[in-house]
Amino acid sequence: MKKCKFFVLLCVLSGACSSPSKDITAPEILPQGDYASPVNCQAFERGTYLPFAYAFSDDVELGSYNLEIHSNFDHHTHSTEAGECGQEPAKKPVNAWIFNQSYEIPAGSRVYEASRNIPIPLDVDPGEYHFMIRVTDASGWQEIKSVSIRIL
């Protein structure tokens with residue numbers, strides 16, 4: 001009887017007897033149907049909007065997503081990029097655009113279509129930028145996508 005109680009106590013403390021499966025899969029970043037924005041090498045004008053449209057999916061539950069825009073005037077790379085787009089000579093930023101915003105995804109969502117119009121400031125430096133998309137599921141797994149864009 002003592003062995004049985006010990007086993008039950010050990011099982012409860014370790015969580016080994018619980019039936020819910022653990023989330024071991026990162027979420028996905030997908031186009032919305034046939035449409036995605038921005039895509040690699042796309043150009044946008046200062047003083048207008050940059051349309052963002054992607055879908056996220058996860059096998060258990062999504063959590064949040066983050067959008068980041070930063071200059072690529074120094075020609076650095078990110079391992080997720082599809083490739084660089086006809087680079088201009090490297091330059092030092094004067095007023096580079098920096099955008100970094102996180103957004104919650106409604107609880108319980110396994111699929112979420114995200115879209116936003118991001119205003120592009122009129123006074124930012126034109127040139128090459130990276131647009132980073134990060135989606136995190138409710139368990140903490142993350143997927144990252146980066147595309148190169150140009151601000152005119």
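Student: Which order do the five strands of the open sheet take?

Tutor: The order is E2-E8-E7-E4-E5, with mixed pairing. Strands here are DSSP runs of at least two residues, numbered from the N terminus. Two strands pair if DSSP finds at least two bridges between them. This is a predicted model: local features need pLDDT of at least 70, side-chain atom pairs count only at pLDDT 80 or more, and totals for chains, interfaces and linings use all residues. Residues are numbered from 1 along each chain as its sequence is written, and side-chain values use heavy atoms, with hydrogens and water left out.

Student: Which are the edge strands there?

Tutor: Strand E2 (42-44) and E5, each pairing on one side only. Neighbouring strands in this sheet are turned by 25° against each other on average, direction ignored. For that angle, axes are lines fitted to C-alpha atoms, and angles run from 0 to 180 degrees between N-to-C directions.

Student: How many bridges join E4 and E5?

Tutor: Six, in the antiparallel sense. Take Ser64: its bridge partner in E5 is Glu104.

Student: What holds strands together in general?

Tutor: Strands of a sheet pair through backbone hydrogen bonds, either parallel or antiparallel.

Student: Switching to side chains. How many salt bridges are there?

Tutor: Two. The criterion is a side-chain nitrogen of Lys or Arg within 4 Å of a carboxyl oxygen of Asp or Glu. In one of them, Glu68 meets Arg134 at 2.9 Å, N to O.

Student: What does that pair tie together?

Tutor: Glu68 lies in strand E4 (residues 62-71) and Arg134 in strand E7 (residues 127-137), so the pair links parts 66 residues apart in sequence.

Student: Glu68, buried or exposed?

Tutor: Buried, at 16% relative accessibility. Buried means under 20% relative accessible area, exposed over 50%, and partly exposed in between, with a 1.4 Å probe and protein chains only.

Student: And which residue does Arg150 meet?

Tutor: Glu88, again in a salt bridge, at 2.9 Å, N to O. Arg150 sits in strand E8 (residues 142-151) and Glu88 in the loop between E4 and strand E5 (99-104), so this pair ties together parts 62 residues apart in sequence. Arg150 is buried at 18% relative accessibility, whereas Glu88 is partly exposed at 31%.

Student: Back to sheets. What order does the three-stranded one have?

Tutor: E1-E3-E6, open, with antiparallel pairing. Its edge strands are E1 (28-30) and E6 (111-119), each pairing on one side only. The twist averages 30° from one strand to the next.

Student: How many bridges between E1 and E3?

Tutor: Three, antiparallel, with E3 covering residues 49-57. Leu30 has Ala55 as its bridge partner in E3.

How values were computed:
Helix = DSSP H or I, 4+ residues; strand = E, 2+ residues; numbered from the N terminus.
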